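Subject: Structure for you to look at

Hi there,

Here is the structure I promised to pass on.

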Amino acid sequence: MQVAFALFADAANLSQEGKLNIMGVFDALQVGSLPAVHPRAHLVVRLKGDVSDVGRHTVTLRWVNPQGNELWTSTGDLNVGQPPTGVVEMDLPLIAQIDLPIDSAGVYRMAVSLDDRQNAEVLVQARVAPQMRPPTGLFS
C-alpha cells in the first residue's frame with residue numbers, strides 16, 4: 001500500500017458516489033497567542049492499494065512540534081476488504097478530524113505510518129500573529 005498524498009484541510013468528506021471532497025487545503029496556521037489549539041483540522045490521506053493489501057493494517061499518526069517532541073500519537077486499524085472481481089487498484093481514503101495543539105512557533109510534522117513504517121509526512125508552519133498596538137497621538 002502506498003500514500004498517494006497527505007494534506008491538511010478545513011473540511012473533507014466522501015460523497016455517496018465515493019468521491020473524495022476536500023476544501024481549504026492549508027500548510028500554515030496563525031494563532032493569536034501560545035499555547036493554542038487549531039480545532040477540527042482534517043488530515044486527508046489517500047492510500048492506493050491492490051489485492052495484495054487485503055487484510056488488517058495498522059495506521060499511526062504522530063504530531064511532532066518544531067523541537068522534535070511528540071505532542072500526541074494515535075494508532076488505529078485499517079481493514080482492507082477484497083475488491084470486486086477485475087479491480088486491480090483500490091483507492092483507500094482516510095479522513096481524520098483532529099485538534100492540533102500548538103505550543104511554539106515553527107514547523108510541525110504529522111507523520112503517517114502504515115504497519116510501523118513511515119509513509120508520509122505533512123508539514124505545517126505555525127506563526128503567532130503580531131500584536132496590534134492602538135495608534136497613539138491621533139486624537140489627543
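Let's start with aspartate 115, which lies in the loop between strand E8 (106–114) and strand E9 (117–128). Please keep in mind that this is a predicted model. The phi of aspartate 115 is near 50°, a positive value in a residue other than glycine. Most residues other than glycine have a negative phi. Aspartate 115 counts as partly exposed because its relative accessibility is 40%, and partly exposed covers what falls between under 20% (buried) and over 50% (exposed).

Serine 113 is placed in strand E8. Is serine 113 buried or exposed? With a relative accessible area of 13%, serine 113 is buried, because buried means under 20%. If you set aside the neighbours within four places in sequence, serine 113 is in contact with Thr58, Val59, Thr60, Gln118 and Asn119.

Another positive phi turns up at arginine 40, with a value near 55° in a residue other than glycine. This arginine 40 lies in strand E4. Arginine 40 counts as exposed because its relative accessibility is 55%, and the cut-off for exposed is over 50%.

One more thing to look at is the peptide bond from leucine 34 to proline 35, which is cis, with omega near -5°. Most peptide bonds are trans. You will find proline 35 in the loop between strand E3 (28–31) and strand E4 (36–49).

Definitions and conventions: Residues are numbered from 1 along each chain as its sequence is written. This is a predicted model: local features need pLDDT of at least 70, side-chain atom pairs count only at pLDDT 80 or more; totals for chains, interfaces and linings use all residues. Side-chain values use heavy atoms; hydrogens and water are left out. Helices (H or I, at least four residues) and strands (E, at least two) are DSSP runs, numbered from the N terminus. Buried means under 20% relative accessible area, exposed over 50%, partly exposed in between (1.4 Å probe, protein chains only). Contact means heavy atoms within 4.5 Å.
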